[in-house]
Every structure is written in structure tokens, then in C-alpha cells.
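Biologist: Please take a close look at the sheets for me, and go through them slowly, with each term explained as you use it.

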Amino acid sequence: MNYYQKYQQWLTFSDEETKTELASIADEKEIEDRFYKDLAFGTGGLRGIMGAGSNRMNKYTVGKATLGLARYLKSKNSGDISVSIAYDTRNNSSKFAQIAADIFSSQDIKVFIYDRVVPVPVLSFTTKYLGCTAGVMITASHNPKEYNGYKVYDEKGCQFCTDDAKNAIGFINEITDYSVIDFNAKNEFINYIGDNELSAFINEVKKQSLYEEKSDLKIVYTPLHGTGNIPVRKVLEGLDVTVVKEQELPDGNFSTVRSPNPEEKDALTISIQKAAEINADLVIGTDPDCDRVGVAVKSGNDYVLLTGNQTGALLVNFVLTMKKAQLNDKSTLVKTIVTSELGADIGRDFGLKIEETLTGFKYIGDKINKYEESKAQEFVIGYEESYGYLVGTHARDKDAVVSSMLICQMASWYKNQGKTLVEALNEIYEKYGYYLDYLDSFVLKGKDGAEKIQRLMTYFRDNARSLFDGIDDVIDFSIGVRDLPKENVLKYIWNDGSWMAVRPSGTEPKIKVYYSIRDKSRDNAKKRLDSIRKQICHIIND
């Protein structure tokens, strides 16, 4: 069917609320955008704007995904099947979670669903802890308030990777008749969980503690209206922590920020203002599902925002220093292909093996699974430039709870030496060289935007060698690189080790350009970055 035929189909089977919403759409482009495709699994699972339509998050697309997943789980498991379910603070998250629970139960699948909002890493932990066959997290992570999503986890708490995602989406796509979805729950299959599981998670996180000496470090923390409030405060007990009251409680509209994304500067504005009032040393902010954490550090009279790469490098240096006696020839650091080499350089200096994965923390989680099976390597730390870090194997996804704890302990350790994290970072630069990392995201919405992204990727691929002087290598991950799955990513590497990567976002209508410039001089790195960005912006905005 074309998009308009799908629109007409939805007007026949959907409930009155959905029909009313669809009938009120006057803009043909809006109808096209809602129906020109079905939501598909990307780097973060199923994710989209909430509303009626096959390209939106709603009870029917959640229902279709859940029934398809249930059928897939039954196809590969002959015994009892169980699924853990959790959700974040977004609008409709609890509703979508309950719909998923009802549909799984209708298929005679046992459900363990949280009775409260919890972070992504808690769901990852719980799935393995309870011995479930799979897990589902209702969240759109750091996306704007209009979005929601559906992440799926395997029995070890790792997001579905290539094969599982491909097979599951095959079962999901087979469902074309929405009337086969049974929304009626079998309550005997549904179990509500909370206190015991969350306590077990907190205990596992605390086992990763590395420095508990007293210091006079003052911290301001904001959960950005998300799930981090209770678990992060529990692991920071004993420290001087001030919580931003305006952003403490759940709010699916994220009314105090433009976007609840700690990667973006203005997300921490209120926190930094509070820190200035009380002369705090450190600001940390977690996103709505508490898998990412942003950091700002007092430096002189100002607060300096750290990038994900900078925080990652600092954490690598801190964790490896504290665990130096425990490291061996199996110890491994895992990072993504669009993450700076600085942390990897530090890891090599400590004797670690370095492994790279595609973008998406699920691939880091998959590495942990494989290390446990082969016993050939041991996971020490994994991170990505987009503010996601993991120490420990209690979760198989990025974890802002353990990261927040370790960032604060790291800041305390340096403060007891008379140093800030900014000064510590400068010491790292002096030893390993200066890295200037940056990300440009270009929003290209709708069918026209999707087509433009495809044209741009073709252009970057066809003109790879002629775009810039000094390109030493071009890596096209779409044709397969090493043992990595094929993915639509291009990486340009200069002869001095600097690089640029281009990829379509797996979770938003964006094309992303990553830059990592290596130079002895900050000023030279900045000039070079500005020149490259100017050229890229001209190409994409032309």
C-alpha cells in the first residue's frame, strides 16, 4: 500500500480517539510523514514521534512490535518465556509499558513489570537478574518530548544486535492486520516488581566504587525530570549533593529545558546557575532514562562543560589508575568508531587491549557477552562520545548511575590533590596530545529529508578522496570492516591521525558529522575544525 492507502486503512480499524486525530489532519505532507514507512529498529530500537500512524509511536505500533516480538521469542524458545518491562518519565511511557505487558500476557508469556519509573541500566540488569528471556524498555532516551521508543533486550540484558533485531523485525513486519493484536491482558501472567530489584541493582553499582576518601567537594545534580533522581542520589550518599528542585520530579514535557539532552549546553543551564549560587565544584546531569550523563566543572569564576570524549578520557585514566593492580593481559577497553582516540591512547599506555564497535552501546554490551563466553578478554570500561559510559558488567548498556558515582569519586580524588577535572584534563593533553572533538547534527525531517540524507551519503561516498587534502584513508563500513556488521557510516582519516565520520542517525531524522582533530596547538586545531565544518555545512545545506 502507498501512504494514503495505509491512512485509509487506519481510519477503518482504529479506536475513536485515533480516528479523530487522523481525520483532523488537513496537511497532505503530514499524512505522508505519518504513513510513508513503518517505524524500524535503529541504533536504539523502535523510536519515533508520538501520534497516530504507522510511522509514529502509539498503541498500535507498540502492539505490533510486542506481538511480533512475542512470536519471535516463541520461535526460538521451547520452554517457559518471560519478559521484564520498565519505562521512563516520558508522556505515555507507563501506558505503552502496560500495553506491552497486556499483549505479552495474552500470548501466555510471563511478565515482570516495574511499578515505578527506573533507568535503562536497571532494566538491563533486571532482565538478567530475574532470568528473563528478554526485556523491554519504553523510552526515547534524550530525544525531545514529542518522542517515545521501545528498546528490546536479550536474556543477558544487552540490546538486540544485528541478528536478533533483523529476525524480530521480520516477525513484526509480518503483522499487517492490526485486528490480530489481542490487547486483553491475562492478569495471572503479570507480576509487578520494584523495591527488591532496584536494591539489588544499587548494590551491584556500589561494588564498582573506587574512591571513598572524604573531601569537601560540592556537587549539584539534576535528573532533568527523569528516572535518575532516586538511584543516583542513593549511590552518592555521603557526598555533599544539592539536587536542582525545579528538575527533580518527573515531567514528561521537560518543561524547564528546550531538550532533555545533557549533550546540549542549555540542558545544564539551571544546574550551573545553582552551582554558581552555592559555589559548587561539579555539576552532573542525567537524561530522562539515566543512561547518559553530562558534566560541568568549576574553573576559576566560570563553569566549563566537558564533552563526552573528555569525560570518557578522564574516566579511563581514573579507573585504570585505581585498578592498575588488577589489570592483566586480558583487560580490554571498548569504544565506538566515532569516539575519540584519546581514551584508547590512555588505555594502551596502561597495557589494555582496545576494541572498536559500531555506534550504539548495544555493540559494547555484545562484546561483554562474547568476552564472558570466550574467557579470552575481560571488560574493564566501555564508552561512547555521546555521554554514555559503563564500568562493571552488572548492566549491558550505558549506565549513568555508576558513571555519576565514579565521576564524583574522580572529582573528589583530584580535589584532594588540589586539582579540578579541567586541570586533570589538561595534564592528560600534555601527555597524550590535544584532541578537539565536535559533532554537527543536521535535522532533515520527513520523506524528503530521508531522501536527502540518502543523496548526501552517496555524495560523501562518491567524492571521498577529493573532499579534503591530506586524506590518508577512507573507511566505508557499509561494505563490512573487520568483524563489524555492515552499517551506513563513512570515516575519513587524515595522515596526522585526525578524522571525520558521517552517518545517518538511527533514532532521529538527522545526518551526523563527527570530527576529531589532533594537534599540538589548540588554536591550530580550532582553525582547522572551523574550516572543515564550513565546507561540510556548505555541502549539506546547499
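**The sheets and their helices**

Modeller: Five strands, taken in the order β8-β7-β9-β10-β11, make up an open sheet in which the pairing is mixed. The model is a predicted one, in which local features need pLDDT of at least 70 and side-chain atom pairs count only at pLDDT 80 or more, while totals for chains, interfaces and linings use all residues. Residues are numbered from 1 along each chain as its sequence is written, and side-chain values use heavy atoms, with hydrogens and water left out. Strands (E, at least two residues) and helices (H or I, at least four residues) are DSSP runs, numbered from the N terminus, and two strands pair if DSSP finds at least two bridges between them.

At the edges of this sheet are β8 (240-243) and β11 (302-306), each of which pairs on one side only. From one strand to the next, the twist averages 25°, where axes are lines fitted to C-alpha atoms (for helices over the stretch in contact) and angles between N-to-C directions run from 0 to 180 degrees. Inside the sheet, β9 (residues 282-286) pairs with β10 (residues 293-299) in the antiparallel sense, over five bridges, and Leu282 stands opposite Val297 in β10.

Helix α10 (residues 269-278) lies across β7 (218-222), β8, β9, β10 and β11, and runs at about 155° to β7. Helix α11 (residues 308-322), by contrast, lies across β10 and β11, and its angle to β11 is about 85°.

To complete the picture, there is also an open sheet of four strands, in the order β13-β12-β14-β15, with mixed pairing. Because β13 (353-357) and β15 (388-391) stand at its edges with a single partner strand each, one side of each is left without a neighbour in the sheet. On average, and with direction ignored, neighbouring strands here are turned by 20° against each other. Strand β14 (residues 378-384) is joined to β15 by four bridges, and the two run antiparallel; Glu384 has Gly388, in β15, as its bridge partner. Across this sheet lies helix α13 (residues 361-374), which covers β12 (331-336), β13, β14 and β15 and runs at about 175° to β14.

Methods
Contact = heavy atoms within 4.5 Å.
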